[in-house]
Amino acid sequence: RRGPHYIVRTLSLCMHMSRHSHDFLIVGPVGAGKTTLVRRLHALGARQRATSTAAPPQPTVGTELLTLSRPSLTLLEVGGAMEPLWEGFLGHCRRGLLFVVDTSSACAVGAASVALLRLLSSEDPSNKRPLLLVLNQRDRLDALPEGIVRHLLRLDGMQETSRGRRISIHWTSGRSGDGVDGVLKWCVEELQRNPQASR
């Protein structure tokens, strides 16, 4: 069991990490598949082959920083259990926000919608970062139809209520790797869109 000292140490590390700038922030509820996605991105950046695994990784407790050399970027994953602290990390995100959603459950999609709206409403209106919605776990047999996912996330109205923010949508499966290359491509395009962003 993880006692109070472990929790205090984890929180202290998270607050330290939140004060350091990173190119992209990746967040989402517990179980959305963030850690698997990050590992896939790392394999792509390193030109390595990532194999599918039957057992999912343990959820990230705290943060995990991914640094790629080709392309050169940093991506900070913050665990779903740290949702109350997401806002602090968003303030030091330079390039864009990746929000991962488990699309295999209506309850999970609904909870993700609430968490996303809460996070976006906390952001400085003068600095709305590009958003990539990573609609994950599409390989599962119980994955919801795309129309239902769009309805639960209110995607059709999100662009209208998020004026000044570029919103992209990508359907993926972190476990099988399907669509993950498109996530990396989006990150590269955002880097190229604003090459003068301070590092």
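Mentor: A nonpolar core is a set of buried Ala, Val, Leu, Ile, Met, Phe, Trp, Tyr and Cys residues joined through side-chain atoms within 4.5 Å. Bear in mind that this is a predicted model. The largest such core here has 27 residues. Leu 25, Phe 99 and Leu 131 have the most contacts inside it. Eight elements each supply at least two of its residues: strands E1 (22–27), E3 (72–78), E4 (93–102) and E5 (131–136), with helices H3 (86–90), H4 (106–121), H5 (146–153) and H6 (155–161). Helix H4 gives the largest share, six residues. In general, nonpolar side chains tend to be buried together in soluble globular proteins.

Now take Leu 131. Beyond its neighbours within four places in sequence, Leu 131 touches Leu 97, Phe 99, Leu 116, Leu 120 and Met 158, among others. Its partners also include Arg 165, Arg 166, Ile 167, Ser 168 and Trp 186. Phe 99, then, is both a partner of Leu 131 and one of the residues with the most contacts in the core.

Next, H4 against H5. Their axes come within 8 Å and cross at roughly 35°. The crossing is right-handed. From H4, Ala 106, Val 109 and Ser 113 meet Val 149, Leu 152 and Leu 153 of H5. That contact divides into five nonpolar residues, one polar and no charged.

Gln 137 sits in the loop between E5 and H5, and Arg 154 in the loop between H5 and H6. Most residues other than glycine have a negative phi. Gln 137 has a positive phi, near 65°. Arg 154 has one too, near 60°. Arg 154 is exposed, because its relative accessible area is 56%, over the 50% cut-off.

Helix H2 (residues 34–45) packs on helix H7 (residues 180–193) at about 70°, with axes 10 Å apart. H2 is therefore roughly perpendicular to H7. On the H2 side, Leu 37, Arg 40, Leu 41, Leu 44 and Gly 45 take part. They meet Val 180, Asp 181, Val 183 and Leu 184 of H7. Here the residues divide into six nonpolar, one polar and two charged.

Methods
Residues numbered from 1 in each chain as written. Predicted model: local features only at pLDDT ≥ 70, side-chain atom pairs only at ≥ 80, totals over all residues. Heavy atoms only, no water. Buried < 20%, exposed > 50% of the residue type's maximum accessible area, 1.4 Å probe, protein only. Helix = DSSP H or I, 4+ residues; strand = E, 2+ residues; numbered from the N terminus. Contact = heavy atoms within 4.5 Å. Axes fitted to C-alpha atoms, helices over the stretch in contact; angles between N-to-C directions. Parallel < 35°, antiparallel > 145°, perpendicular 65-115°, else oblique. Nonpolar A, V, L, I, M, F, W, Y, C, P; charged D, E, K, R; others polar. Left-handed = near helix turned anticlockwise from the far one by under 90°.
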